[in-house]
Amino acid sequence: MTRLRPFAALALAATVALGLAACTAPDTGSGASTPAGSDTEGPTGSITVFAAASLQQTFTTLGEQYETAHPGASIRFSFAGSSDLVTQIQNGAPADVFAAADQANMAKLTSGDLVTGSPRAFATNTLEIAVAPGNPRGIGGLDDLTAPGVRLVTCAAPVPCGAATAKVESASGVDLEPVSEEQSVTDVLGKVESGQADAGLVYVTDVRGTGGKVDGVPFDESSKAVNTYPIGVLRESGDPELAQAFSEYVRSAAGQRVLSDAGFGKP
């Protein structure tokens, strides 16, 4: 039987003790309740995000996720037609971030030096025909919107969905005659849902977001008017650090998953 010298015995005992400690130490990395991507040391404060009406559901979700992952940060939203939001910002409305449904409305702010840096694209969207559930008028494409008795509602020309509608008309040669032109896609959807209109031209994401309150009819000509959505930090932001952090979150992998699930395309 081999005997260990006193020094060797002490060294062996220390080694065994360290090994046992490693085996029994708690695993703080697994099973953590903190959301993925959380950063308790991230920017704190409160910002207001002005965002296109078609972003209401997705941005509300993104705001909740960001606040969960970044304690101390508060994200408030104001949703409306992009052109209306531009007017409000130009008139001095307090806002930190602007997310538009097209590049033309963002350009109105960049040309007036109201945005810091260069706005970044974060999503794309295309038009779809919204109809009552079951499509009782049997609308199958753009041409059917000109049939006698079909009450069509579209967005007004200054609104991004209205500008997209004009592009589709020009590309297809179809002359649409809506019974009304609204200031946002939510207003168009409201008239279709209530039965005041038989059809409305809105975005694919808007149809999906109603949860079955309307059906969507795709049409080939929609590819002629793909809207690109940009986001930018406003020069008068009271918290530019948090505003920039949220803008980057929208463009992150987590933000893109939320947008993709809602039907938005990649920028």
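The following legends describe close-up views of a predicted model.

The model is predicted: local features require pLDDT of at least 70, side-chain atom pairs count only at pLDDT 80 or more, and totals for chains, interfaces and linings use all residues. Residues are numbered from 1 along each chain as its sequence is written, and side-chain values use heavy atoms, with hydrogens and water left out.

**View 1. The chain as a whole.** The chain contains nine helices and 10 strands; these elements are DSSP runs numbered from the N terminus, with helices (H or I) of at least four residues and strands (E) of at least two. Of its 267 residues, 42% are buried. Buried denotes under 20% relative accessible area, exposed over 50%, and partly exposed in between (1.4 Å probe, protein chains only). Among contacts with a separation of 6 or more, 79% join residues 24 or more positions apart, a contact being heavy atoms within 4.5 Å.

**View 2. The largest nonpolar core.** This core has 61 residues, of which Leu 55, Phe 59, Phe 122, Ile 129, Leu 145 and Phe 246 touch the most other members. Helix H8 (residues 240-251) gives the most to the core, namely six residues. A second, separate core of 12 residues includes Ala 80, Ala 95, Leu 109 and Leu 234. A nonpolar core is a set of buried Ala, Val, Leu, Ile, Met, Phe, Trp, Tyr and Cys residues joined through side-chain atoms within 4.5 Å. Beyond its neighbours within four places in sequence, Leu 145 contacts Ile 129, Ile 139, Val 150, Leu 152, Leu 176, Ala 199 and Leu 201.

**View 3. Packing of helices H3 and H4.** Helix H3 (residues 82-90) and helix H4 (residues 103-110) pack at an angle of about 5°, and their axes are 9 Å apart. H3 is therefore roughly parallel to H4. Axes are lines fitted to C-alpha atoms, for helices over the stretch in contact, and angles between N-to-C directions run from 0 to 180 degrees. Angles under 35 degrees count as roughly parallel, over 145 as roughly antiparallel, 65 to 115 as roughly perpendicular, and the rest as oblique. From H3, Ser 82, Ser 83, Val 86, Ile 89 and Gln 90 meet Asn 105, Lys 108 and Leu 109 of H4.

**View 4. Surroundings of Asn 105.** Asn 105 lies in helix H4 and is buried, at 1% relative accessibility. Leaving aside neighbours within four places in sequence, Asn 105 is in contact with Ser 82, Ser 83, Val 86, Phe 98, Pro 158 and Pro 160.

**View 5. Packing of helices H8 and H9.** H8 and helix H9 (residues 253-261) pack at an angle of about 55°, with their axes 4 Å apart. H8 is thus oblique to H9. Tyr 249, Val 250 and Arg 251 of H8 meet Ala 253, Ala 254, Gly 255, Gln 256 and Leu 259 of H9.

**View 6. The disulfide.** The structure holds one disulfide, formed by Cys 155 and Cys 161 with their sulfur atoms 1.7 Å apart; the cut-off for such a pair of cysteine sulfur atoms is within 2.5 Å. The torsion about the S-S bond of Cys 155 and Cys 161 is about -95°, so the disulfide is left-handed. Cys 155 is buried at 2% relative accessibility, and Cys 161 is buried with a relative accessible area of 1%.

**View 7. Surroundings of Ser 78.** Ser 78 belongs to strand E2 (residues 73-80) and is partly exposed, with a relative accessible area of 23%. The C-alpha atoms of Ser 78 and Thr 48 are separated by 7.3 Å, although these residues are 30 residues apart along the chain.
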